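Please prepare a short briefing on the fold and packing of the protein shown here. The points below are grouped by topic, from the overall layout to individual contacts.

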Amino acid sequence: MDKNFKSQLLWQDRKRWTFFGLPWTFTRYAASKERLFISKGFLNVKDDEVRLYRVMDISLTRSLGQRIFGLGTVRVCSADRTLGDFELVNIKHPMATKELLSDLVEKQREIKRVVHRENMVDSHEAYDFEPEDFAEDDAPFDR
């Protein structure tokens with residue numbers, strides 16, 4: 001990575017082994033104001049990125065081994081077609097990272113004016129009505 005690009009990053013970390021929390025893998029994570037980057041590999045490197053406004057949900061899991069070494073896994077659910085849902089596995093300071101990503105996502109969604117709408121109706125209740133359920137003056141059609 002060049003210096004200019006690295007100066008724009010707000011956060012970066014590596015996937016670590018749960019064994020002593022050491023970064024002995026070739027998976028790297030980074031975040032800027034607009035994007036989240038994942039780079040995997042040593043000889044053959046695969047770089048992925050997701051625009052933060054496409055992130056729909058962020059969650060955190062920490063196993064006993066991860067808690068002992070101060071690590072955690074942040075799961076990101078995104079609307080990105082190529083990357084989809086993914087995990088930032090065995091990262092340091094997972095709670096702070098989750099909060100940072102959450103704040104960055106909200107800022108980007110405001111800037112891009114993206115609204116995520118949730119379906120608040122159970123699927124089995126969505127069309128479970130009878131015409132007599134409507135009051136006489138609330139009927140959607142003429143009789």
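In this predicted model, the protein chain has three helices and seven strands, and from the N terminus on these elements follow one another as α-β-β-β-β-β-α-β-β-α. Buried residues make up 29% of the 143 residues in the protein chain, while its accessible surface comes to about 10500 Å², of which 50% belongs to carbon and sulfur atoms. Among the contacts in the protein chain with a separation of 6 or more, 37% are accounted for by residues 24 or more positions apart.

**The four-stranded sheet**

- Four strands form an open sheet in the order S1-S2-S3-S4, and the pairing is antiparallel.
- The edge strands of this sheet are S1 and S4, each of which pairs on one side only.
- From one strand to the next, the twist of this sheet averages 15 degrees.
- Within the sheet, S3 and S4 pair in the antiparallel sense over six bridges, and the bridge partner of Ser 39 in S4 is Asp 47.

- S6 and S7 pair in the antiparallel sense over five bridges, and Leu 71 stands opposite Lys 92 in S7.

**The nonpolar core**

- In soluble globular proteins, nonpolar side chains tend to be buried together.
- The largest nonpolar core of this model has 18 residues, and those with the most contacts inside it are Trp 11, Leu 36, Val 74, Phe 86, Leu 88 and Leu 101.
- At least two residues of this core are supplied by each of strand S2 (27-31), strand S3 (35-40), strand S5 (55-61), strand S6 (71-78), strand S7 (86-92) and helix H3 (94-112).
- Trp 11, when residues up to four places away in sequence are not counted, touches Tyr 29, Ala 30, Ala 31, Leu 36, Leu 88, Ile 91, Thr 97 and Leu 100.

**The aromatic pair**

- The count of aromatic pairs comes to one, and this pair is formed by Phe 26 and Phe 42, which are tilted, with 4.8 Å centre to centre and 40 degrees between the planes.
- The pair links distant parts of the chain, with Phe 26 in the loop between strand S1 (11-14) and S2, and Phe 42 in the loop between S3 and strand S4 (46-51), 16 residues apart.
- Phe 26 counts as partly exposed because its relative accessibility is 43%, whereas Phe 42, at 58% relative accessibility, counts as exposed.

Conventions
Residues numbered from 1 in each chain as written. Predicted model: local features only at pLDDT ≥ 70, side-chain atom pairs only at ≥ 80, totals over all residues. Heavy atoms only, no water. Core = buried A, V, L, I, M, F, W, Y, C linked by side-chain atoms within 4.5 Å. Buried < 20%, exposed > 50% of the residue type's maximum accessible area, 1.4 Å probe, protein only. Contact = heavy atoms within 4.5 Å. Pairing = 2+ DSSP bridges. Phe/Tyr/Trp six-rings, centres within 6.5 Å; stacked < 30°, edge-to-face > 60°. Areas by Shrake-Rupley, 256 points an atom, 1.4 Å probe, with all protein chains shown as cover. Axes fitted to C-alpha atoms, helices over the stretch in contact; angles between N-to-C directions.
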